[in-house]
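I am opening a notebook page for this complex. The entries below record what I looked up, in the order I went through it.

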Amino acid sequence: MTTANVPAAGGGLAPQPAAARRRRRIGEKWYVPYLFLAPHLILFTALIGWPFVYGLWISLRDYDFVRSASPFVGLQNYLNLIDPDSFHFGFFWQGLLNTVIFVIISTPTLVTAGLGLAVLLNGHYPGRNFFRGLYFAPWTLSVAVIGLLWWWILQDNGGLLTNALNGFGIQPPSWLSSTPWTWVAILVATLWWTVGFNTIILLAGIQSISVDLYEASSIDGASRWQQFLHITIPSLRPILLLVVTLQIIASFNLVGQPQIMTGGGPGHDTTPVLLYIYNIGFNGRYELGQAAAMAFVVALIMVLVSVVNFRVFRSEPD
Amino acid sequence: MDSTDLERLLTQAHERRLSRRELLRITGMSAGALALGPLLAACGVKQGPGATASHAVVATLGAPSKPVSLDFWNGWTGPDGEFAKHMVDQFNTETPNVKVKVTTQADYYTKIRAAKVSNKLPHIAMMHIEQIPQNAADGIITPMDDLVSLLQLSGSDFTDVVWKNGEYQGKRWGIPIDQHMESFYWNKELFTKAGLDPEKPPTDKESFEAAATALTQKAGVPGFMVVTSGPGGAFLSGVAWSCGFYQGGGEWTNGDHSEATYNSDAGVKSAEWLAHLIKDLKVSPANVQSDSEISAFAQGKNAMVWSGIWQTSRYVEALGDKLGAGPIPKIFGSGVWSGSHHLSVGNRPDMTAEEREGSYYFIDWFSKHSIEWAKSGQLPARKSVRESAEFKALPVQSAIAAQIDDAHFFPEIPAAADLLFGPGGAGESILTVLNGKSDAKSALDKSATQYSKVLKQNKQKYGF
């Protein structure tokens, strides 16, 4: 847009001094803009700001919510995480590694599977809407439901898949208690559960791409694959950024599937860091200060990952 | 609550009971339904802060004279919860003045802590024995020494350990209702098939190894499955290991609970023996997922199993007459892992004297009716109940009850069960040994070193 357009867009308004215009448009009272911000500001402060500050306070203490005393321990809870001799050191970093493993295996899988499904569901064929609904349906279930569902399918003693394979004379591995099968099981369950969400967003993105581009390229002799590579993918770039970012965050938040399906095992091999944090904070140990410190470290790591992710996707290709 | 409060409560309770007796005589109601028979003689009564009343007063506890509604919370989410519900229904029918409402929930101890923060604790709370120190220290339950002296209860109707472990820092916090112990089950049909006498189960290391080998070779099924993995692996193999550990004279901690000592010879030997069953004797497959040893035994595909007594009804249903049950064999000596449910009184600052009396009445009633509870697969904590004809008519439970004096519990300190079940605790170490990833000594050393640090922290936090 150039300055030449401004008079036309502005209609018959006479030019006015900038200071006068600002005063009349925003109002004469200094607090008016804050009043407009207030509803969100109050909610944000109550639901995010205050818990954040309170969490920081907790992380500096030996805190347990049923006890009246919560001694100040300074940075001890943070130092424990870099002291190889501390009790939590090994578990915390193994948990973080487990979470990162899941992010690495699940993000490409769930994004590509979502993209593939979105392309398929974009075609013109009978029953298209039925399939769109079908693939999205599992996403509406809770983690408890899908966890138990897949546990019943995969468990060793009379699980659906195990029994079916036994019927063919095949002895499957222990899906839920031997690595790497535990990760495969968790990944498949997560794929089935959440791929519909990525699919719907990417499908909406594909539908907003102009049909003209495809028509023009097909006149020029482009194949379907070339169209996908050179029209669909570049046009979806901002949507893909959104999907990848949301997927990384969602995968980082892995808790329920291993909690229900593998119990975090074998050993601690599938205990994601957030499950470990929950366990030491609420499930038996009640070390809430330590748990809060771990949560802050994990949050910091997630912020860094998101920043890198945005940088990578923002850089325009030549 | 200090001792003057206790004395006041005690006096009130005595006064009310006498007046209620007169009332009963006038109204002609059945006294038996409300006032329970005297308990044991005064000998051995714990001299708690409330034990000042004369023991000459007859030791009965009546229901409160005014109607009260009480909340009773437990974590019995399995079939045991149904048994508890039936017993409470029976109690409510028998006791018009006291209405008890049961709430059963998963993640019980987390929920009860949340309830403490919002000041909504129940009047009566189920407590696992190893949870008593933590919940006492955290102000979730209240001392009940006054009930002990009111009822002239004493340890003599209970095993010494189960009675002693209901105490923490010199006060009583719970009344035991059961002991649930690790138990030995065998398949009689498979015993016959292997040329063994199904009525003569192995009782020591030699006979146990011989039987397991014979069963594996001649009956064509694993002789004795040892759990090596799965979500419940650290619990199941941890408990099995702890039996050998207790038998070898193992102690969890040193005298002042500042060092973890389960990496002692007793612990190492017990772990090595379980690994020996898998590696050398090959009576157990190399990979056994948690609970598959249970279902295999129920299906006749595992000849012997060590399980918690709560599996009894499942095994009886599946195997019927083929099921043999009894004490855990003495591999290294006497000693068996045991748990126990206690009933405690919740710490409600606004609890009235009637509510407290009603809670005591209910706890006493539940404890005395624990024969019903035994049917859910438990050993009643009371000797008098265990000696009843009704209990002796339960063949499996009464056979297992022979080992009740060998029961061992965790030390009476907060979070003691973490030593076995916590992250990196003995249970997880045992799994690494059974998986061949580590030798017994270094696995237990590593775990005990970590938990010595935890013990020192807890010692400071809870002041034990």
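I started with confidence, and took pLDDT as the predictor's confidence in each residue, from 0 to 100. I note that this is a predicted model, in which local features need pLDDT of at least 70, side-chain atom pairs count only at pLDDT 80 or more, and totals for chains, interfaces and linings use all residues. Residues are numbered from 1 along each chain as its sequence is written, and chains are lettered from A and ligands numbered from 1 in the order in which they are written.

**Confidence.** I read an average pLDDT of 86 for chain B, with 87% of the residues at 70 or above. Residues 1-59 of chain B fall below 50, and I found 80 contacts in the model from this stretch to residues beyond its near neighbours in sequence. Contact here means that the C-beta atoms of two residues, placed from the backbone, lie within 7 Å. Where pLDDT is low, the predicted coordinates should not be read in detail. For the complex, the predictor gives an ipTM of 0.74 and a pTM of 0.80.

**Chain B overall.** I counted secondary structure as DSSP runs numbered from the N terminus, with helices being H or I of at least four residues and strands E of at least two. Chain B has 21 helices and 14 strands. Of its 464 residues, 52% are buried. Buried means 20 or more other C-beta atoms within 10 Å of the residue's own, exposed means 12 or fewer, and partly exposed lies in between, with C-beta atoms placed from the backbone. Taking the contacts in chain B between residues at least 6 apart in sequence, I find that 77% join residues at least 24 apart.

**Interface.** I looked up which parts of chain B touch chain A. On chain B, 26 residues are in contact with 20 residues of chain A. The elements of chain B that give two or more residues to this side are helix 4 (108-117), helix 12 (292-298), helix 20 (426-434) and helix 21 (440-462). I sorted the residues of that side into 6 nonpolar, 12 polar and 8 charged. In this scheme Ala, Val, Leu, Ile, Met, Phe, Trp, Tyr, Cys and Pro are nonpolar, Asp, Glu, Lys and Arg are charged, and the others, Gly among them, are polar.

**Two loops of chain B.** Most residues other than glycine have a negative phi, and most peptide bonds are trans. Asn119(B) is not a glycine, yet its phi is positive at about 60°. I located Asn119(B) in the loop between helix 4 and strand 3 (124-128) of chain B. With 10 other C-beta atoms within 10 Å, Asn119(B) is exposed. Lys282(B) also has a positive phi, near 55°. I placed Lys282(B) in the loop between helix 11 (265-279) and helix 12 of chain B, and its 15 other C-beta atoms within 10 Å make Lys282(B) partly exposed.

**Chain A.** I found a cis peptide bond between Thr179(A) and Pro180(A), with omega about 0°. Pro180(A) lies in the loop between helix 8 and helix 9 (181-207) of chain A. Asn166(A) sits in helix 8 (residues 160-167) of chain A. Asn166(A) counts as partly exposed, with 13 C-beta neighbours inside 10 Å. From Asn166(A) to Leu240(A) I read 74 residues in sequence and 41 Å in space, C-alpha to C-alpha.
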